Amino acid sequence: MTSTVGTRTLGRNGLTVSALGLGCMGMSQSYGPADRTESIATVHRALDLGVTFLDTSDFYGLGHNEELVGEAIAGRRDEVQLATKFSLAIGPDGKRRVDGRPEYVKSCAEESLRRLGVDVIDLYYQHRVDPQVPIEDTVGAMAELVAQGKVRHLGLSEASAASIRRAAAVHPIAALQSEWSLWTRDLEISGVLGVAREHGIGIVPFSPLGRGFLTGAITSPADFGDDDFRKNQPRFQGEAFQANLRLVEAVRDLAAEKGVTAGQLALAWVLAQGDDVVPIPGTKRRTYLEENAAATAIELTGDDLARLEAIAPPGAAEGTRYPDAGYAYGDSPERPA
């Protein structure tokens, strides 16, 4: 079948991916229970629709997500642009840690290849920059994986402008993965977006639907189950929640005028930010996947974009993205460049 999703290119070395990707994290953690059968069916449906850019990490479900994705793409590897990440781990104290040591890079890549059941990773990200290890050393080890044919392209996730510049001096960086949506515009505020584009780096926004909030489906903090990590995020609590709900209501009103859902409008806004932008909304259900994929056909006028800018200018959302600075791992776009 012919895909209506289309393709876009990340990086100057030409990594061609579907214009919309699929974030697979929720199939293994963070957003409540997931059904394995439905998750695999969702990946299969994504490929059928032309959503072939799949995003996972060795940290999601502590390896479970890579195994799940590997199972789902078995027999269809040639259709997929496969992205995974390394550098996050659980330390002996049970807390998250970041590890960018060259030897750790190489061991993680081998484990990811094994779990995914593939010979090469299309896009390999450093999940968070390790402030204790020079990024030149980390990216140097990643570049060796490219030379060995185990990885095709390199990426960074939630990196600062300074880290991007230093990394790009070692090896071409194809993509920067960071949170970007109508209510999370730190990339623009911090100047990270400009630096990435200066180096020809594509942008891969995660949580382009505001962790589901911009769909309008979440109307109360009580909507979250006990095992849903969003209930502990500042933006989903108290007065911040109510203030952000008003933002969503305005987005929903404009979406209704255009005959689309609030989530589709929010995705269309991200897609309209440039041909170098490839959002990866996450879902574990085919129904939501199909709704997201349909957003690629929505054309926003200059008036639409102006109205959305008035509704959700940079800094409009109330509350921080994470409960504490540790969740940003010391190198997020929210830090000064």
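Modeller: Two strands pair if DSSP finds at least two bridges between them, and the elements themselves are DSSP runs numbered from the N terminus, with helices (H or I) of at least four residues and strands (E) of at least two. This is a predicted model, in which local features need pLDDT of at least 70 and side-chain atom pairs count only at pLDDT 80 or more, while totals for chains, interfaces and linings use all residues. Residues are numbered from 1 along each chain as its sequence is written, and side-chain values use heavy atoms, with hydrogens and water left out.

Biologist: Which residue in β9 stands opposite Leu123?

Modeller: Strand β8, residues 121-126, and strand β9, residues 151-157, pair in the parallel sense over five bridges. Both belong to an open sheet of seven strands in the order β3-β4-β5-β8-β9-β10-β11. The residue in β9 that stands opposite Leu123 is His153.

Biologist: Which strands are the edge strands of this sheet?

Modeller: The pairing in the seven-strand sheet is parallel, and the sheet is open. Each edge strand pairs on one side only, and these strands are β3 (21-23) and β11 (202-206).

Biologist: Which residues have the most contacts inside the largest nonpolar core?

Modeller: A nonpolar core is a set of buried Ala, Val, Leu, Ile, Met, Phe, Trp, Tyr and Cys residues joined through side-chain atoms within 4.5 Å, where buried means under 20% relative accessible area, exposed over 50% and partly exposed in between, with a 1.4 Å probe and protein chains only. The largest such core has 84 residues, and those with the most contacts inside it are Leu22, Tyr124 and Leu176.

Biologist: Is Asp99 buried or exposed?

Modeller: Asp99 forms a salt bridge (a side-chain nitrogen of Lys or Arg within 4 Å of a carboxyl oxygen of Asp or Glu) with Arg101, the closest N and O atoms being 2.7 Å apart. Arg101 is partly exposed at 36% relative accessibility. Because its relative accessibility is 4%, Asp99 counts as buried.

Biologist: How many residues apart are Lys150 and Glu110?

Modeller: Lys150 and Glu110 form a salt bridge, with their closest N and O atoms 2.3 Å apart. Lys150 is partly exposed, at a relative accessible area of 24%, and Glu110 is likewise partly exposed, at 36%. The pair links distant parts of the chain, with Lys150 in the loop between α4 (135-147) and β9 and Glu110 in helix α3, and the separation is 40 residues.
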